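Please keep the sequence and the structure in view while reading.

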Amino acid sequence: MTTAPSRIRVVDVNGVMRVEFTDRDILDEPSIRQIGAELTRAIEAANAPRVLICFQGVEHLSSAALGALITVNSLIKKRGGQLRLSNIKPSIYEVFVITKLHKLFQVFDTAEQAMQGFGRA
Amino acid sequence: MSSTTGDSDHGSASIAEDNRQIEALQQRIDQLLAARQFGDAARFGIRLSLEEAIVNGFHHGNQRDPSKPVEVRWNISADVAEFHVIDQGEGFDPDAVPDPTLDENLEIPSGRGIMLIRTYMSEAAYHAPGNHLEMCYRKPATR
């Protein structure tokens, strides 16, 4: 059995789990399922996880990807943590606004802004 | 199958639930749109709408039966891009899908595809019994 290459990069920055995507397009279901599974594993391994998902380089996003984000957000909240999003290009942010999900997520222009007050002092 | 007749590019494809086939179709249509000077915002919205329509066709229409294809037809002219996405399912009532933007539905992870299609395309309608989506994008009029 072969293992699919990881579709996310996760690095610890001052106690914050910073996540980046390796793909430009987050559209198809197999990729989204894999991203969801990788994020779930990382979140379940942490206590009160603080997670920053950085969308740098992401060009397209489908409603299935939004669904995965909602599921991840619920899991993080259930574990007493917090999720922030950053670097969402305007065309994709518009998808958040149309679906009103910008009200559900904490969205920041840059990763640096998202990190303020988020990581360990 | 595709061809150019008169002032439009038209064609059809019967695709399986295979990411490579979907992506190849998306790229082909995007090239046709680019050749007809559809802008970045239009192409973003059309790509997203096609993705949502095709995925809905496989999931909700064909119930993920791998023997059932989804058919996509297109007709792209200078100002209008028309699409038909047809699955092999029994259809559904699109008006029965709950509004995903209501506060009480925001945390439900599914049910946003149809509203995205309706937002990004100029027109979108399901033909009875609901397994045939017809949608079109019209370039905004220039002054």
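## Interface area

In this predicted model, chain B and chain A bury about 2000 Å² between them, with carbon and sulfur atoms giving 61% of that area. On the side of chain B, the greatest losses of area to chain A fall on B:Phe44, B:Leu106 and B:Glu107, which together make up 28% of what that side buries. The contact itself joins 21 residues of chain B to 26 residues of chain A.

## Polar and charged links

Four salt bridges are found across the interface of chain B and chain A; A:Lys103 forms a salt bridge with B:Asp103, where the closest N and O atoms are 3.1 Å apart. Between chain B and chain A, seven residue pairs are in polar contact.

Helix H2 (40-61) and helix H3 (113-120) of chain B each supply at least two residues of the side that touches chain A, and H2(B) gives the most to that side, with six residues. By class, the side of chain B that touches chain A holds nine nonpolar, five polar and seven charged residues.

## Pockets

The largest pocket holds about 830 Å³ of space and is lined by 45 residues, with B:Asn56, B:His59, B:His60, B:Ser110 and B:Gly111 nearest its centre. H2(B) provides the largest share of this lining, eight residues, and the lining divides into 20 nonpolar, 19 polar and six charged residues.

The second largest pocket, with about 320 Å³ of space, is lined by 14 residues, and A:Arg24, A:His60, B:Asp30, B:Arg43 and B:Arg47 lie nearest its centre. Its lining has one nonpolar, four polar and nine charged residues.

Conventions. Residues are numbered from 1 along each chain as its sequence is written. Chains are lettered from A and ligands numbered from 1 in the order in which they are written. This is a predicted model: local features need pLDDT of at least 70, side-chain atom pairs count only at pLDDT 80 or more; totals for chains, interfaces and linings use all residues. Side-chain values use heavy atoms; hydrogens and water are left out. Contact means heavy atoms within 4.5 Å. Buried area is the accessible area (1.4 Å probe) that two parts lose on being put together, summed over both. A salt bridge is a side-chain nitrogen of Lys or Arg within 4 Å of a carboxyl oxygen of Asp or Glu. A polar contact is a pair of N or O atoms within 3.5 Å; within protein, one must be able to donate a hydrogen and the other to accept it, and residues adjacent in sequence count only if both atoms are side-chain atoms. Helices (H or I, at least four residues) and strands (E, at least two) are DSSP runs, numbered from the N terminus. Ala, Val, Leu, Ile, Met, Phe, Trp, Tyr, Cys and Pro count as nonpolar, Asp, Glu, Lys and Arg as charged, and the others, Gly among them, as polar. On a 1 Å grid over the protein atoms alone, a cavity is a set of points where a 1.4 Å probe fits but cannot get out, and a pocket is an open set with protein on both sides within 12 Å along at least five of seven lines; lining residues have an atom within 4 Å of a point. Grid points are joined across faces, edges and corners, and a volume is the space filled by probe spheres set on the points.
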